[in-house]
Amino acid sequence: MNEEELLQVAMQLIIHAGNAKSECMEAIQLVKSGDFSGSIEKIEAANQSLTHAHHAQTSLLTNEARGEHVQPTLMLIHAQDHLMNAITFRDLAKEMIELYTRINTQTS
């Protein structure tokens, strides 16, 4: 994989991870306002964005497994950081949705 292709993969990771994190933030805002189904839809959208990011990451892992070693760059490390943070953010957003749903159910 040449440098330009590596940059493209890194950018795909950043874009899709960023989209996932934004969708999770929207999910949290929706559940706070009582839109429980809307928040679940946003989490599903975040999951799709993370799937796209994982596909980009898998291309790197596949190349590595084939013996095409990738020289880590700051951009690639930054992209992986975005992906890891988006996954963590999604997991926490799901927990918050569950908590808001539970609280709403108990007070209704």
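Visitor: In which helix is Leu-7 found?
Guide: This is a predicted model, in which local features need pLDDT of at least 70, side-chain atom pairs count only at pLDDT 80 or more, and totals for chains, interfaces and linings use all residues. Residues are numbered from 1 along each chain as its sequence is written, and side-chain values use heavy atoms, with hydrogens and water left out. Helices here are DSSP runs (H or I, at least four residues), numbered from the N terminus. Leu-7 is found in helix H1.

Visitor: How much accessible area does the nonpolar patch with Leu-7 have?
Guide: Patch members have over 30% relative accessible area and no salt bridge; nonpolar side chains (Val, Leu, Ile, Met, Phe, Trp, Tyr) are joined within 5 Å, like charges within 9 Å. Areas come from the Shrake-Rupley method with a 1.4 Å probe; for residues, only the protein chains shown count as cover. Helix H1 (residues 3-32) gives the largest share, three residues. Together, Leu-7, Met-11, Ile-15 and Met-75 have about 310 Å².

Visitor: How many salt bridges does the structure hold?
Guide: Side chains of opposite charge can pair when their charged atoms come close. A salt bridge needs a side-chain nitrogen of Lys or Arg within 4 Å of a carboxyl oxygen of Asp or Glu. The structure holds three.

Visitor: Which residue meets Lys-42 in a salt bridge?
Guide: The N to O distance is 2.6 Å. The pair links distant parts of the chain, 16 residues apart: Lys-42 is in helix H2 (residues 36-65), its partner in helix H1. Lys-42 is partly exposed because its relative accessibility is 26%. The partner, at 37% relative accessible area and also partly exposed, is Glu-26.

Visitor: In the salt bridge of Asp-91 with Arg-90, is Arg-90 buried or exposed?
Guide: The closest N and O atoms are 2.9 Å apart. Asp-91 has a relative accessible area of 36%, so Asp-91 is partly exposed. Arg-90 has 16%, so Arg-90 is buried.

Visitor: Which helix holds both Glu-98 and Arg-102?
Guide: Their side chains meet in a salt bridge at 2.8 Å, N to O. Glu-98 is partly exposed at 39% relative accessibility, and Arg-102 is partly exposed at 45%. The two lie four residues apart, about one turn, in helix H3 (residues 74-107).

Note on methods. Buried < 20%, exposed > 50% of the residue type's maximum accessible area, 1.4 Å probe, protein only.
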